[in-house]
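I opened this entry to keep track of what I looked up, one topic at a time.

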Amino acid sequence: MSYAHGANFGHGFVKYSIIDPVGQSLTPLVFPALLAPASAHVMGTLQATPTVMVGETAYWVGETALLSPHPLSSLGQQRLRDPHFIPALVRHALHHLQAHRVGAGVCVTGLPATWTRDATHAHMLGARIRAATNLFSDILVIPEPLGVLYALLLDENGQVCGDDALVHGSVGVIDLGHHTLDLSIITALRPHADQLTTITLGTAHVLDLIRTRLSTVFERDLSLHDTDQAVRTGSLVIAGHPCPLPDEWDQPLYNYGVTLATRLHETWGTGQQLDAILLGGGGAALAPLTDAIQQRFPHAQVVPDPQLAVARGYARLARRLVRQQEDGR
Ligand SMILES: Nc1ncnc2c1ncn2[C@@H]1O[C@H](COP(=O)(O)OP(=O)(O)OP(=O)(O)O)[C@@H](O)[C@H]1O
Ligand SMILES: [Mg+2]
């Protein structure tokens with residue numbers, strides 16, 4: 001009765017996807033990859049603040065960390081060396097999943113493709129997860145772009161259901177994240193070690209430009225998280241009321257779309273050598289970015305629910321491993 005866990009620890013958000021022992025997907029979790037040392041409990045408060053313990057330290061994690069004036073993110077490989085960061089994110093996720101009685105099983109997780117060239121990084125991530133929980137019989141660390149591919153290629157039971165081009169052809173994967181733009185080419189299901197690119201050109205860069213503009217117009221300090229929410233809803237709550245964003249607030253998004261498309265063109269040329277191009281990551285939910293990319297590469301397709309694609313692909317691979325283990329018994 002094993003569960004299949006797919007855990008994607010992004011720089012901006014943790015995405016966590018689960019498939020239960022009968023092959024049913026549960027509601028996925030998405031929360032900011034942020035933590036803050038918990039402040040002292042306020043006596044008499046009506047709202048207790050949930051904390052996560054790692055070692056002797058209590059943390060606020062995810063949305064709760066936004067209550068702190070100084071939430072901490074951890075970028076780059078530093079997060080693998082930090083003894084508390086990943087364990088706190090894992091415990092926060094598992095705490096939420098306990099409510100749905102999610103049980104033990106196999107976990108598939110991953111790293112930006114270029115980091116997986118060095119096996120010590122995968123070992124470090126596995127060790128950080130094991131430091132947080134003993135729920136997993138197996139933990140497999142794979143290159144993130146394979147998650148995007150598996151989200152399309154595998155069904156909820158981990159069986160291959162995608163079209164032949166994905167199985168036998170050359171597939172370009174674009175993962176447009178908060179901090180990084182990851183590019184990979186996967187041919188006949190194998191990532192090319194020499195065609196992996198990780199560039200710090202994620203959406204945080206453009207959110208920062210929009211934040212500056214909105215802060216000036218509305219005379220209000222905004223976090224990147226506030227700005228992200230404003231971009232998603234097209235409005236900002238000012239003095240308790242939603243206000244529409246000013247004219248041309250989205251111009252930086254269009255400029256950024258052109259920058260991305262140019263960068264992709266420099267790396268992949270016309271892209272005609274690729275049988276399919278998959279666009280995943282949260283940035284692929286932003287039309288000004290995907291439109292610019294699809295103008296250059298008309299056969300690029302946005303995968304369904306792109307922010308969750310990597311985690312969904314991981315969970316589907318985990319489900320495949322669970323079934324192989326069960327069949328082998
Ligand atoms: N529904 C949405 N609408 C608009 N933008 C979105 C949406 N969902 C996500 N985003 C954008 O995607 C970004 C997060 O994407 P994602 O979760 O893939 O990044 P990440 O995996 O945390 O980062 P990285 O891949 O760099 O480690 C947000 O910062 C936001 O700009
Ligand atoms: Mg990501």
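I began with the largest pocket, whose volume is about 560 Å³. For pockets I used a 1 Å grid over the protein atoms alone, taking a pocket as an open set of points where a 1.4 Å probe fits, with protein on both sides within 12 Å along at least five of seven lines, and counting as lining any residue with an atom within 4 Å of a point. Grid points are joined across faces, edges and corners, and the volume is the space filled by probe spheres set on the points. I noted that this is a predicted model, in which local features need pLDDT of at least 70 and side-chain atom pairs count only at pLDDT 80 or more, while totals for chains, interfaces and linings use all residues. Residues are numbered from 1 along each chain as its sequence is written, chains are lettered from A and ligands numbered from 1 in the order in which they are written, and side-chain values use heavy atoms, with hydrogens and water left out.

The lining of the largest pocket comprises 37 residues, and Lys15, Gly177, His178, Gly282 and Gln307 are the closest to the centre. I sorted this lining by class into 15 nonpolar, 14 polar and 8 charged residues, where Ala, Val, Leu, Ile, Met, Phe, Trp, Tyr, Cys and Pro count as nonpolar, Asp, Glu, Lys and Arg as charged, and the others, Gly among them, as polar. Among the elements that each supply at least two lining residues are strand 1 (3-9), strand 2 (13-19), strand 9 (170-176) and helix 6 (203-218); helices (H or I, at least four residues) and strands (E, at least two) are DSSP runs numbered from the N terminus. Helix 7 provides the largest share of this lining, with 3 residues.

I then turned to the second largest pocket, with a volume of about 470 Å³. Its lining has 21 residues, of which Leu34, His178, Ser223, Leu224 and His225 are the closest to the centre. Helix 7 again gives the largest share, here 4 residues, and the classes are 10 nonpolar, 8 polar and 3 charged.

Which residues touch the most other members of the largest nonpolar core? I found Phe9, Tyr16, Val61, Leu89, Leu125 and Ile129, in a core of 33 residues; such a core is a set of buried Ala, Val, Leu, Ile, Met, Phe, Trp, Tyr and Cys residues joined through side-chain atoms within 4.5 Å. Helix 2 (residues 85-98) contributes the most to this core, 8 residues. A second, separate core has 31 residues, including Ala230, Trp249, Leu274 and Leu289. For burial I used relative accessible area, with buried under 20%, exposed over 50% and partly exposed in between (1.4 Å probe, protein chains only).

I looked up Ile129 by its contacts, meaning heavy atoms within 4.5 Å. Beyond its neighbours within four places in sequence, Ile129 is in contact with Phe9, Ile86, Val90, Thr109, Phe136 and Ile139.

Ile174, in strand 9, is buried at 1% relative accessibility. The C-alpha atom of Ile174 is separated by 6.1 Å from that of Gly280, although the two residues are 106 apart along the chain. Contacts of Ile174 outside four places in sequence include Leu183, Trp268, Leu279, Gly280 and Ile293.

Helix 4 (residues 144-153) I recorded as mostly covered, with 9 of its 10 residues buried; Glu144 and Tyr150 are among the buried ones.

His121 sits in helix 3 (residues 119-132) and is buried at 12%. Setting aside residues up to four places away, His121 touches Gln77, Leu80, Leu111 and Trp115.

I also checked phi. Most residues other than glycine have a negative phi. Leu189, in the loop between strand 10 (181-187) and strand 11 (190-199), has a positive phi of about 70° and is partly exposed at 33%. Glu248, in the loop between strand 13 (241-244) and helix 8 (251-268), has a phi near 60° and is exposed at 58%.

Last, I searched for disulfides, taken as pairs of cysteine sulfur atoms within 2.5 Å, and the count came to 0. Cys161 is partly exposed at 49%, and Cys243 is partly exposed at 23%.
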